[in-house]
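Here is a short briefing to read alongside the structure. It goes through charged pairs, strands and cores in turn.

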Amino acid sequence: QAQLVESGGGLVQAGGSLRLSCVPSGRTFSTYAIGWFRQAPGNYREFVAAISWNSDHTDYGDSVKGRFTITRDNAKNAVYLQMNNLKLEDTAVYYCAAGPKVTGHEFTYWGQGTQVTVSS
């Protein structure tokens, strides 16, 4: 079954950085938009960032603008989320997802998630 696989999560101190990766398993998603979402315990799933298939359109959630950057390398079938100046409230499970476009944030294929924990 086609899916996405996230990696790069871990424990980091506040103010630090992490880079998450998202790669496909079972098929290529090079013509799909890719989005990142996160969910903390007791919270709704939150949109983080998204990038179009050719990287000409990106979108970010208000809480991460200026700190997170989404990029993709279609030659490597990978999408990255560079997270800088991490805050305690960034602690969550981060999921990547694939869909037809950035706008609307409607994504069809999902990964299993990777945990990001920011400590003080």
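**Charged pairs, strands and cores**

Asp62 and Lys65 form a salt bridge, with their closest N and O atoms 3.2 Å apart. Asp62 counts as exposed because its relative accessibility is 69%, and the cut-off for that label is over 50%. Please keep in mind that this is a predicted model.

**Salt bridges**

- The structure has four salt bridges.
- Side chains of opposite charge can pair when their charged atoms come close.
- Arg67 forms a salt bridge with Asp90, and the closest N and O atoms of this pair are 2.7 Å apart.
- Because Arg67 sits in the loop between β6 (58-60) and β7 (68-73) and Asp90 in the loop between β8 and β9, the pair ties together parts that are 23 residues apart in sequence.
- Both Arg67 and Asp90 are buried.
- Through salt bridges that share partners, Arg38, Glu46, Arg67 and Asp90 are joined into one network.
- Asp90 also forms a salt bridge with Arg38, where the closest N and O atoms are 2.8 Å apart.
- This pair links distant parts of the chain, 52 residues apart: Arg38 belongs to strand β4 (residues 33-39), while Asp90 is in the loop between β8 (78-83) and β9 (92-99).
- Arg38 is buried, as is Asp90.

**Strand β1 and its partner**

- Strand β3 (residues 18-25) pairs with β1 in the antiparallel sense, over five bridges.
- Within β3, Cys22 is the bridge partner of Glu6.

**Nonpolar cores**

- In soluble globular proteins, nonpolar side chains tend to be buried together.
- The largest nonpolar core here has 26 residues, and those touching the most other members are Trp36, Leu81, Met83 and Tyr94.
- At least two residues of this core come from each of β3, β4, β5 (46-51), β7, β8, β9 and β11 (114-119).
- Strand β9 gives the largest share of this core, four residues.
- Beyond its neighbours within four places in sequence, Tyr94 is in contact with a set of residues including Leu20, Trp36, Leu81, Met83 and Val116.
- Another core, of seven residues, lies apart from the largest one, and among its members are Ala33, Phe37, Ala50 and Ala97.

Conventions: Residues numbered from 1 in each chain as written. Predicted model: local features only at pLDDT ≥ 70, side-chain atom pairs only at ≥ 80, totals over all residues. Heavy atoms only, no water. Salt bridge = Lys/Arg side-chain N within 4 Å of Asp/Glu carboxyl O. Buried < 20%, exposed > 50% of the residue type's maximum accessible area, 1.4 Å probe, protein only. Pairing = 2+ DSSP bridges. Core = buried A, V, L, I, M, F, W, Y, C linked by side-chain atoms within 4.5 Å. Contact = heavy atoms within 4.5 Å.
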